[in-house]
Amino acid sequence: VSHDLNLSSADLLARCQALAARGGFTAEQRHLIEQLMVDANAMLGHVRRVTELTQIGSGRLQLHADPFDLGAIGRSLARGTDPDADRRVEVHVAEEVDRLYTGDGRRLHEVLQILRDNATPPGAPAQVQVKLQPAGAEVQFDIIGTTLPREDESFAIPSADTRQNSMLDLIIAQGLVQLMGGQITIRALPGEATWYSFQLGLAPSPAARATAPVGPASLREAT
C-alpha cells in the first residue's frame, strides 16, 4: 500500500510541476497548483516515514557497512540549514573522531539531521550545538538546541501535521540508533533547551582517507 501511495504522490507532484511549467494561469489557478504541489510533497514525506517505520519495526531495514567520513557528516549539519532561517548551527568534531569509520553513514547522517531539526521549535530564533567526541571506545553524539530570546512572540506555532511529523522522525531516529547499537536520551535543560545524546561503538575503517568514499554520496565533496 505504501508503495502505491508513494507512486501516486510522486505522479501527482510530477504532473503539477509539468502543469506549472506551462504557464498562462490566473493567480487563483497558480495558487491551486502550488497548493497541490505542497500537498503531494507532504504526502511523499508521510509515506516515506511510514515505510521507514514499518521496515524498522519488522526488522527488514538493513544497515550497510561502508567507509564513511564522520567529520564530513558532522560538518555538513551546519551547511544543511536554511540560510534565511533564524537559527545558528555550530558543529564541533573532536580531532580523535575526525576520521573514517565503517558503517551506514547515510543512516547516521539522517539521524543527526532529524535531531538537529527537532532540537528547537520551528520558527523560533535558536542556536543548535552539535558535538562529536570520543567516549572511551565509543563516539559520543550531543545535539543541544537552545531557544534564544526574541523581540516579540510573533513566530509561527507548529501545525498539528508538523508536530506529528516531528514525532515520527524522532521515533525513526531512535529506531535507527538502536539498530546501530545505541540509545538516544532526551533531556530538558533550563532556558528552553533540549539535549539529545547517544553513543555508538563505531569501527574505524582501514581505508585511506584520500581514496575511500565518505558517508552519504551528497557529502563526497565535503572532504
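Contact means heavy atoms within 4.5 Å of each other. Axes are lines fitted to C-alpha atoms, for helices over the stretch in contact, and angles run from 0 to 180 degrees between N-to-C directions. Helices (H or I, at least four residues) and strands (E, at least two) are DSSP runs, numbered from the N terminus.

**Model and confidence**

The structure is a predicted model, in which local features need pLDDT of at least 70 and side-chain atom pairs count only at pLDDT 80 or more, while totals for chains, interfaces and linings use all residues. Residues are numbered from 1 along each chain as its sequence is written, and side-chain values use heavy atoms, with hydrogens and water left out. The protein chain has an average pLDDT (the predictor's confidence in each residue, from 0 to 100) of 80, and 74% of the residues reach at least 70. Over residues 208-214 pLDDT remains under 50; the model has 18 contacts beyond four places in sequence for this stretch.

Val139 stands opposite Leu200 in E7.

The axes of H3 (residues 70-79) and H4 (residues 105-117) come within 10 Å and cross at roughly 30 degrees. This angle makes H3 roughly parallel to H4, a term used for angles under 35 degrees, with over 145 counted as roughly antiparallel, 65 to 115 as roughly perpendicular and the rest as oblique. The crossing of H3 with H4 is right-handed, meaning that the near helix is turned clockwise from the far one by less than a right angle. H3 contributes Leu70, Ile73, Ser76 and Leu77 to the contact, and H4 contributes Gly105, Leu108, His109, Leu112, Gln113 and Arg116. These residues divide into five nonpolar, four polar and one charged; Ala, Val, Leu, Ile, Met, Phe, Trp, Tyr, Cys and Pro count as nonpolar, Asp, Glu, Lys and Arg as charged, and the others, Gly among them, as polar.

**The three-stranded sheet**

A further open sheet has three strands in the order E1-E3-E8, paired antiparallel. Its edge strands are E1 (66-69) and E8 (203-204), each pairing on one side only. H3 also packs on this sheet, touching E1 and E3, and its direction makes about 50 degrees with that of E1. Four bridges join E1 to E3 (residues 100-103), and two bridges join E3 to E8. Residues that stand opposite each other are listed below.

| Residue | Opposite residue |
|---|---|
| Asp69 | Leu100 in E3 |
| Pro67 | Thr102 in E3 |
| Tyr101 | Pro204 in E8 |

Key
Two strands pair if DSSP finds at least two bridges between them.
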